[in-house]
Amino acid sequence: LDAAIVIILYLCVVIAEFVPLIKEKNKKQTWVYAIALSISFCVLILVGIGFSIPGPSGLIKTVVEKALSFKL
Amino acid sequence: MIIGVNTEVGQDSWIALLCATIVSIPILLVYARIMKIFPGTDIFEISEKLFGKIGGKIIIALFTWYSIHLGALVLRNFSEFIEIVAMPETPQIPIMIAIIFVTIYLAKSNIEIFGKWAIVILPIIMITILTTLIFWFSIMDFSNILPVMGHSVQKVAKSSFDIISFPIAETILFLGLASFMKKESSPYKVYLLGLLIGVAILGIVMLRNVLSLGSAMMEALKFSSFTAARLINIGDFLSRIEGIISVNFILAGITKITVCLISASKGISKLFNLENYKRMTTPVSLLIVALSMILYKSTMEMFNFLTVYPYYAIPFQLIIPIVIWLTAEIKIRKKSKTSDSQIKSS
């Protein structure tokens, strides 16, 4: 169900925002928009399917603990 | 709003809040001074002005990351809260999408609309808090606030530090929105009045929870305001008013996520030299949703991250603003010295 919701959402976004943006012919904005949209889509679809993607919280905790040199 | 301010010191929370308020005044004055030095300019433009292209872009990237990450943290808090208290069977993605749609609408509207939204919800939040305070009065036990300083000074100091980083110094995000501020308005007044109102609300909520729940319960509960609302039962007629608290949470949460979203969109636009930040609000908001989905594997992990967050936030809330402020002051002094010497020589 999650994956279906994500696909419908992204279809709506592409039709409502991305297609008009392409028509504006602003290349840089289109590229940044497309990359941001693709990254979030990949993450959300993988989470929706049930894949476990490692988040930044563990890394942040490790870095903070190393910087402070004590366990939190 | 959801997790509330740090409650590890139970009945001494008000002392921690008071200390945090006093210590945070100079920090907020630094933020206000940056706004004053560069009126009508946001932190992204300021960074490029002060540190050039490469240095500026590094600071912009760091601040943009912080805005996206904070937005994701807040969004996850809300989706976890809604899942735990109201919709345990509903997956989190639709809840997040519903919240983020409102924030996209607010971020895409003019900043005046967002300002009006904030003006409308502030009285609603205040009235709700005062109403619940009146209802709670019958179950308040004023002995719950004793003994004063029952916790060690170190514990209270640590709690104050936590309160400074979450939520007081998170107002650093307003530097990302500083370009919307009228040049003639005083940033000092904005920051200090905001601090006063914010601390008053937090203080009332904190005291209400301590007096009605007691320090042991307050330390054990994760959503203390919500649980405390469940205790209200007036003449078997008025009960289950915790819904009002949920409305409060959602209204305030949407506002905070919108601030993060606008700041992050402006940061991305500046990073890639894009003209219109509003165009980037939708993809950035979806990045926030994606990040919030992978932040934690469980609710307990979310609460555990609160011990890491105050240290993690130091570079964004303290180091970067202080570096910007000092660099700006030095550059201003150098400029005024050179202009003085030019006048003297002529």
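At 28% relative accessibility, K158(B) comes out as partly exposed; in the scheme used here, buried stands for under 20% relative accessible area, exposed for over 50%, and partly exposed for what falls in between, with a 1.4 Å probe and protein chains only. The model is a predicted one, so local features need pLDDT of at least 70 and side-chain atom pairs count only at pLDDT 80 or more, while totals for chains, interfaces and linings use all residues. Residues are numbered from 1 along each chain as its sequence is written, chains are lettered from A and ligands numbered from 1 in the order in which they are written, and side-chain values use heavy atoms, with hydrogens and water left out.

K158(B) has a salt-bridge partner in D162(B), with the closest N and O atoms 2.9 Å apart; a salt bridge here is a side-chain nitrogen of Lys or Arg within 4 Å of a carboxyl oxygen of Asp or Glu. Both residues sit in helix α5 (residues 153-165) of chain B, four residues apart, which means about one helical turn between them. Helices are DSSP runs of H or I with at least four residues, and strands are runs of E with at least two, numbered from the N terminus. D162(B) is buried, at a relative accessible area of 6%. Shared partners also link R33(B), E329(B) and R333(B) into one network of salt bridges.

Over all chains, the search turns up 10 salt bridges. One of them pairs the side chains of E24(A) and R279(B), at 2.0 Å from N to O. E24(A) belongs to helix α1 (residues 2-24) of chain A, and R279(B) to the loop between α9 (242-271) and α10 (281-294) of chain B, so this pair joins two chains. E24(A) itself is partly exposed, with 45% relative accessible area.

Within chain B, D42(B) and K266(B) form a salt bridge too, their closest N and O atoms lying 2.9 Å apart. D42(B) is in the loop between α1 (13-37) and α2 (43-85) of chain B while K266(B) is in helix α9 of chain B, so the bridge ties together parts 224 residues apart in sequence. Both ends are buried: D42(B) has a relative accessible area of 3%, and K266(B) one of 11%.

Turning to the interface, the contact (heavy atoms within 4.5 Å) draws 32 residues from chain A and 33 residues from chain B. About 2800 Å² is buried between the two chains, 76% of it from carbon and sulfur atoms; buried area is the accessible area (1.4 Å probe) that two parts lose on being put together, summed over both. On the chain A side, Q29(A), S57(A) and I60(A) lose the most area to chain B, together 18% of what that side buries. Two salt bridges cross the interface of chain A and chain B.

Helices α1, α2 (27-49) and α3 (56-68) of chain A each supply at least two residues to the side that touches chain B. The top contributor there is α2(A), with 11 residues.

As for disulfides (cysteine sulfur atoms within 2.5 Å), the count over all chains is zero. C12(A) has its nearest cysteine sulfur, that of C42(A), 18 Å away. C12(A) is partly exposed at 45% relative accessible area, and C42(A) is partly exposed at 43%.
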